[in-house]
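Subject: Structure handover

Hi,

Here is the structure I promised to pass on. Please open it first, then read my notes below.

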Amino acid sequence: MLRSISQKFKVGIENYLPSAFIFAILLTFITLILGMTVTGENLFDMTTYWYGGFWDFLAFTTQMILILITGYALVKAPLVHNLLIKLASKPKTQKSAIITVILAAAATGYLSWGLGFVFGTLFAIEVAKRVQEADFRILIAAAYTGTIAILPASISLTAPLLVNTPDHSLQDEIGLIPLSQTTFSPMMLLTAFIGLAVVLFAYIKMAPKKEDVVPYQHNKEDEESLEEISATTTHTTFADKLNNSRIINYALVLLGFLWLILYMINNGGFNLELNIMNFTFIMLGLALHGTPASYMNAITDGMPSASGILLQFPFYAGIMGMMIGSGLITVIAESFASIANGVTFPFFSFLSAAIVNVFVPSAGGQWQIQGPILVEALQTFNLPAEVVVNTVSIGDVTTNLLQPFFVLPALGLAKLGLKDIWGYCLVSMILLFIVTSIIVTVLPIFLY
Amino acid sequence: MFKKLTNFSDRMVRRYLPDAFLFAILLTILVFLLGFIFTDSTPTNMVAYWGGDFWNLLAFAMQMSLVVITGYVVANTPVVKKALSGLSQFANTPSQAVMLVTFVSAIACLINYGFGLVVGALFSIHVVKRVPNVDFRLLVASAYSGFLVWHGGLSGSVPLTIALEDHPLVETMGTIPVTESLFGWLNIFIVVVLVLTLPLVNWFIMKNSESHTNIDPAILDAQTSYKEQAATVDQAELTPADRLEHSKIIAYLVGLLGLSFIVYHFAINGFDLNINIVNFILLFVGILFHQTPRRFLDSVYDAVRNAGGIIIQFPFYAGIMGMMAGSGMSVAMTEWFVSISNEVTFPVFAFLSAGIVNFFVPSGGGQWAVQGDIMINAAQGLGVDTVKTAMAIAWGDAWTNMIQPFWALPLLAIAGLKVKDIMGFCLIILMYSFFPIAIGLLIF
């Protein structure tokens with residue numbers, strides 16, 4: 001049954017799904033008009049708020065791009081890449097291929113969403129190359145969905161990291177919230193692991209029949225790219241020797257690990273905030289690539305997949321500027337407080353995050369917009385602040401299966417279109433939505 | 001003699017100049033070692049200074065990336081490409097070709113350096129199609145020579161950064177409006193002299209050069225012809241979602257929103273130019289000129305590669321800054337500069353030292369991050385104008401770009417040449433340009 005549903009979706013709504021950039025533009029205009037009608041600001045005030053916010057995510061944009069490209073470069077390191085190929089040779093049937101891909105994507109996604117999206121996709125491609133009886137498209141979809149399913153418990157999940165970073169934007173209201181209350185809390189762990197089981201079940205049921213399978217198409221480029229990795233170039237000039245110097249490289253890596261040790265001593269452990277994650281990835285990447293030149297090449301190759309983040313973050317920052325400047329944010333917060341009660345609040349928080357995420361796909365960007373509203377609404381109820389952090393994070397993750405923003409790097413790597421995988425993603429989303437709705441509603445009743 | 005010199009420098013550059021990223025790493029290690037040899041800092045202290053400040057330039061890195069990307073995107077719009085094609089009609093002989101390319105590229109670099117680099121490369125191709133017997137290597141070198149003036153123009157990282165209200169050195173030097181930096185007499189003098197004389201210098205090089213590299217312009221057609229398939233999409237094949245992406249109305253609406261704010265901004269604040277508003281203007285001009293969101297997005301996708309180096313290298317510059325400041329080396333270097341120079345010669349020293357540092361830190365913004373603090377403190381110690389010092393650093397940064405290939409890469413990629421093809425000519429330009437800049441710094 002799931003198989004036929006997913007096939008129907010594939011020729012359905014995706015015709016009406018514009019690209020993420022158009023979403024950002026449309027949302028800009030919707031917010032502009034809402035500001036002018038609901039809160040009665042004039043056009044020039046609204047554009048002033050817009051520009052006032054437009055460049056507010058500059059540092060944050062760099063952090064997000066770094067998570068993506070350092071994750072990409074790490075996967076491209078020979079050691080990691082070889083491990084990938086070795087693992088990819090294990091599965092022999094479509095069913096085992098799907099299970100392996102989902103578990104591998106989930107395992108890496110647990111460490112970092114950037115790593116999960118990138119590693120999961122590259123792994124799915126390698127598996128598809130070897131298992132000709134498996135459908136290529138469902139493997140790419142499975143990799144993406146596997147990462148999404150595990151994200152609520154991922155140690156790279158944005159909102160929990162943000163609220164645990166000193167000087168975060170809501171520190172005055174909610175203070176610093178440790179990860180034990182968010183990422184490692186029962187709510188997040190249950191959602192992630194039950195969700196993962198559901199996704200595994202769904203993909204096994206959705207797998208196309210033998211006659212419908214479209215396997216990976218081998219072409220010459222693949223063989224070349226494989227050789228490229230193993231080929232050793234000769235370094236003739238002094239400059240080349242420096243660029244490929246291992247001594248300089250490892251001297252730097254040593255410095256990097258010294259800092260990490262120092263950091264852990266000073267902070268009493270590994271406090272996983274964005275900056276320290278990126279720092280670790282850079283140093284690991286350099287260590288595994290062996291030379292600065294090789295690392296730099298991988299970074300440059302990874303950059304195009306970051307273009308969406310780079311371009312759209314300012315627009316989301318602008319939308320946020322208008323929301324705050326015009327007072328729309330207070331209007332929404334008040335209407336939320338009025339319809340929710342102590343029991344339904346977590347669910348409403350989850351639901352609103354899921355809806356808003358369709359328009360504000362960046363988890364960090366979404367937290368910046370919704371966090372303040374929901375934290376304000378929370379004051380009315382006797383619930384701790386981490387409920388907002390957790391439910392917003394889960395909601396935000398769920399609709400990433402609908403909104404194409406984060407799957408774009410994967411589609412670029414796999415050279416597929418959104419329509420190829422969208423049906424599978426949507427079915428998984430509906431199932432995840434049902435499961436998580438129950439968890440976020442029932443669990444807080446017992447916990448608080 | 002010119003020819004010998006050119007060949008010699010060409011060989012040296014090719015043999016000994018490593019990548020910019022490696023420089024960032026070498027400088028990190030060097031400063032680390034210097035720190036615990038020459039100051040009281042322990043290795044642990046140095047690691048703490050380094051790691052503690054490693055992420056201090058996150059926002060700055062994004063601003064610098066956006067300068068390159070938005071400039072690149074605007075240069076690839078149909079309007080700009082058509083204008084370049086039209087301008088190329090003015091070149092009929094090789095002499096005219098070289099002079100025109102130099103002039104156009106310099107003007108474009110004054111507007112925005114990312115824009116100028118791409119315009120220079122595209123314009124060279126347009127011109128060589130019209131004047132096939134011109135030496136193409138020299139033509140591209142001429143285009144790159146226009147890059148010499150970028151830091152005195154509207155995308156100059158140092159003047160635009162110090163115009164922000166919260167720039168990193170605001171406590172020592174305050175906010176400096178561009179009317180004092182970019183539109184001060186010193187900068188105007190240097191820019192005008194260079195823009196007027198560089199075409200002649202390149203013409204002189206051409207007259208003395210024995211090189212005749214002719215190319216078949218047909219191979220470069222791919223770069224200058226517009227993406228026709230994008231313009232002639234089959235409307236019947238499009239889904240409603242696709243139509244939005246190819247919709248001119250969307251692009252015009254967004255462009256209009258952006259432009260109306262820009263007009264409003266200048267009407268309210270006067271001529272308040274800073275790095276954020278420049279990026280904002282180019283972003284929206286790019287959306288407007290590309291006409292559809294799809295073409296704009298494709299162009300951004302192509303442009304983003306050029307920012308990889310900036311994003312990964314800036315944290316290292318920040319770490320270097322942290323070690324320099326934390327260990328007290330900044331103060332020691334400042335004192336050393338004060339001891340060897342006087343009020344008159346200091347700007348020239350600042351310029352020369354910036355020229356040297358630029359080898360290691362080719363990004364103008366990164367350079368300012370490493371050097372700005374030291375030189376501004378030294379200037380205050382000597383009673384030299386801080387704005388003049390900032391501009392001296394800006395010009396030093398622009399100056400040695402002539403023989404540092406980092407920024408030439410996007411230009412060369414479009415023109416299909418290698419660094420070695422143009423750097424020989426660029427060295428001559430570097431030598432010449434020392435004089436107008438140094439004279440400007442001494443007399444104003």
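I start with one pair in chain A. A:Glu126 and A:Arg130 form a salt bridge, with their closest N and O atoms 3.0 Å apart. (A salt bridge here is a side-chain nitrogen of Lys or Arg within 4 Å of a carboxyl oxygen of Asp or Glu.) Both residues sit in helix α7 (residues 113-130) of chain A; because they are four residues apart, about one helical turn separates them. (Helices, H or I of at least four residues, and strands, E of at least two, are DSSP runs numbered from the N terminus.) A:Glu126 is buried at 6% relative accessibility. A:Arg130 is partly exposed at 35%. (Buried means under 20% relative accessible area, exposed means over 50%, and partly exposed lies in between; the probe is 1.4 Å and protein chains only are used.)

Some ground rules before I go on. This is a predicted model: local features need pLDDT of at least 70, side-chain atom pairs count only at pLDDT 80 or more, and totals for chains, interfaces and linings use all residues. Residues are numbered from 1 along each chain as its sequence is written, chains are lettered from A and ligands numbered from 1 in the order in which they are written, and side-chain values use heavy atoms, with hydrogens and water left out.

**Other salt bridges**

Over all chains, the rule counts five salt bridges. A second one in chain A joins A:Asp135 to A:Arg137, with the closest N and O atoms 3.2 Å apart. A:Asp135 is buried, at 0% relative accessibility. A:Arg137 is buried too, at 18%.

Chain B has a pair in a helix as well. B:Arg294 and B:Asp298 form a salt bridge, the closest N and O atoms being 3.4 Å apart. They lie four residues apart in helix α17 (residues 293-304) of chain B, about one turn of the helix. B:Arg294 is partly exposed at 25% relative accessibility, and B:Asp298 is partly exposed at 29%. Elsewhere, salt bridges that share partners link A:Glu126, A:Lys129 and A:Arg130 into one network.

**Where the chains meet**

How many residues does each chain bring to the contact? Chain A gives 61 residues and chain B gives 61 residues. (Contact means heavy atoms within 4.5 Å.) The area buried between the two chains is about 5,700 Å², and carbon and sulfur atoms give 85% of this. (Buried area is the accessible area, with a 1.4 Å probe, that two parts lose on being put together, summed over both.) B:Trp55, B:Leu257 and B:Arg305 supply 12% of the area that chain B buries against chain A, more than any other three residues.

Across this interface the rule finds one salt bridge. The side chains of B:Arg305 and A:Asp301 make it, at 3.1 Å from N to O. On the side of chain B that touches chain A, 44 residues are nonpolar, 12 are polar and five are charged. (Ala, Val, Leu, Ile, Met, Phe, Trp, Tyr, Cys and Pro count as nonpolar, Asp, Glu, Lys and Arg as charged, and the others, Gly among them, as polar.)

**The core**

The largest nonpolar core has 321 residues. (Such a core is a set of buried Ala, Val, Leu, Ile, Met, Phe, Trp, Tyr and Cys residues joined through side-chain atoms within 4.5 Å.) Among the members that touch the most others are A:Trp367, B:Trp50 and B:Tyr144. Helix α4 (residues 58-75) of chain B gives the largest share of this core, 13 residues. Leaving aside neighbours within four places in sequence, the contacts of B:Tyr144 include B:Leu117, B:Trp407 and B:Cys426.

B:Leu442 lies in helix α24 (residues 419-443) of chain B. B:Leu442 is partly exposed, at 45%. Not counting residues up to four places away in sequence, B:Leu442 touches B:Val344 and B:Val348.

A:Thr108 is in helix α6 (residues 94-111) of chain A. A:Thr108 is buried, at 12%. The side chain of A:Thr108 reaches the backbone oxygen of A:Ala105 at 3.1 Å.

Chain A has 23 helices and zero strands. Of its 448 residues, 62% are buried. Among contacts in chain A between residues at least 6 apart in sequence, 82% join residues at least 24 apart.

Best wishes

Key: A polar contact is a pair of N or O atoms within 3.5 Å; within protein, one must be able to donate a hydrogen and the other to accept it, and residues adjacent in sequence count only if both atoms are side-chain atoms.
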